[in-house]
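Open the model in your viewer and keep the selection panel at hand.

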Amino acid sequence: MASVTSLTSSVHQRLADALSAALPEAGAGADPLLRRSDRADYQANGILALAKKAKANPRELATQVVERITTGDLLTDVEVSGPGFLNITVTDKAITETLAARAADGARLGVPLKDNAGITVIDYAQPNVAKEMHVGHLRSAVIGAAMVEILEFTGEKVVRRHHIGDWGTQFGMLIQYLLEHPHELDHEGGKEDGEAAMSSLNRLYKASRALFDSDEEFKARSRDRVVALQAGDAETIALWQRFVDESKIYFYSVFNKLDMQIDDPDVVGESGYNDMLEETCRILEESGVAVRSEGALCVFFDDVLGPDGNKVPLIVKKSNGGYGYAATDLSAIRDRVQNLKASTLLYVVDARQALHFKMVFETARRAGWLNEDVKAHQLAFGTVLGKDGKPFKTREGETVRLVDLLDEAIDRATSVVREKAEKVGLTEEEIVENGMYVGIGAVKYADLSTSAVRDYKFDLDQMVSLNGDTSVYLQYAYARIRSIFGKAGDRRPLAHPELELAPAERALGLHLDQFGETLAEVASSYEPHKLAAYLYQLASLYTTFYDQCPVVKPAPAPEVAENRLFLCDLTARTLHQGMALLGIRTPERL
């Protein structure tokens, strides 16, 4: 495995060397501010600021830099533009040779592993026990899974954590009802039937809630059961575990439909930190981070004020002795830092919880659990909206079940695949399989192609469209490239650095070279939508290339055909790898 120096890095280095020679006082670290440009391959804008600092004429300094640049095989033209910009064009040979090095690096495509890799614990996909997963659970799962793949690909060690809601006073009501109606969790489906498990849980929840609201004696017994649960009563714990186990059957069936792997050891719910809660509170109180206020253990912040102007506290322990969510979240931070040795904690959590996590992170910093070596970050996400721009609900005003939404996406996608199936010669089995990949891919891509913090409209008609910025467009682009190799006869993909490149070939090649830089940016900023945007642009540039540069018919010269097949192959591999990092499959035939 060999990482490949990108053209951007190579050009940047040449410019930085020339800048240092022309302006020694700027030092070796002078930044030319290089970026891709539509006027040339690159534009460097940094000379203006450096000239101002040195009280020099920017255009004259730019001319001096150009005189000191070593062009060699890398650069074909460097010209001064405007007040002191540099327009830079790289050689066709440099483009092709760099891409050939990427192609020779297998699935990694020349993408380097980062030098300062650490351990990131990602908290994502956090459903609640005994409750159905709804559309609101989609974003944490999809965004979190993509960040896991991207971070691992760039060399980070990732520990997954699914902080499921498996503790709380509601379990007193559920357990007491099950104790008095022992067959309520029985269901016809097999042990792995998620829908049957959820149906039983739903039925029991509704029945127990109705009884709790109408029968004072049952309410009292339920509250006593909460006490028994918290005290670790064996019979109560065994029944609680049944709820957790039944819920996991359901969770895993939904995640399986989402084409996501969730491993049981990574599921550490609220209950997993119960043994740490008292110690967490003691440490916070003894260190003075938390103080008693009206009987509760609280942490106060100067910048968190209520409407009345008074400070709003983070309540770690309630006045009745119960623990707040904060105690669990702070205990989880202790565990992840001290036991899992995390250097970064990443929470993929709804933006509406931003204030809670801001207070939790600041408390952890005051306690010394977060510091210069250990950072915490909330990857906040917005709300899923309906076509009308309002929070996504059913016609009856209820929250949309996630599994229904996924099934509808698969149905719609299967219809799209079936329309084109005869032309490609797909079997019924392939139609069904591809329909699943296209449908789930459409849902994931719609989410991931939107900046996480923004709300987005859930519009299935748009999601499964073959046109525009959709996963279906990218999947069809990949399948179309793969089909070319069936028509290429005995010609094989082979790079020819000696050839001149057409404008569409250059544009495609320069974009292919930016795959590694895009991934590095996405991994450091936690913005998977930038990878989606890169892949969409790649497919668009490929479409232009395919229209303007014949690959098979009309047949170009043999070496031109081989070079174009080489570009096709590298584009397909980059699309495949990029989509896989987003958790989306790319069928070979569509």
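Which element gives the largest share of the lining of the second largest pocket? Helix H16 does, with seven residues. Helices here are DSSP runs of H or I, at least four residues, numbered from the N terminus.

This is a predicted model: local features need pLDDT of at least 70 and side-chain atom pairs pLDDT 80 or more, while totals for chains, interfaces and linings use all residues. Residues are numbered from 1 along each chain as its sequence is written, and side-chain values use heavy atoms, without hydrogens and water.

**Stop 1: the pocket**

Select Lys420, Tyr476, Ala479, Arg480 and Leu590, which lie nearest the centre of the second largest pocket among its 17 lining residues. A pocket is an open set of points on a 1 Å grid over the protein atoms alone where a 1.4 Å probe fits, with protein on both sides within 12 Å along at least five of seven lines; lining residues have an atom within 4 Å of a point. Its volume is about 550 Å³, counted as the space filled by probe spheres set on the points.

Next, colour H13 (402-424), H16 (471-487) and H19 (529-548), the elements that give two or more residues to this lining.

**Stop 2: the helix pair**

Select H4 (residues 92-103) and H20 (residues 558-581), whose axes come within 11 Å and cross at roughly 50 degrees. Axes are lines fitted to C-alpha atoms over the stretch in contact, and angles run from 0 to 180 degrees between N-to-C directions.

Show side chains: Thr96, Leu99, Ala100, Arg102 and Ala103 in H4 meet Asn563, Phe566, Leu567, Leu570 and Arg573 in H20, contact meaning heavy atoms within 4.5 Å.
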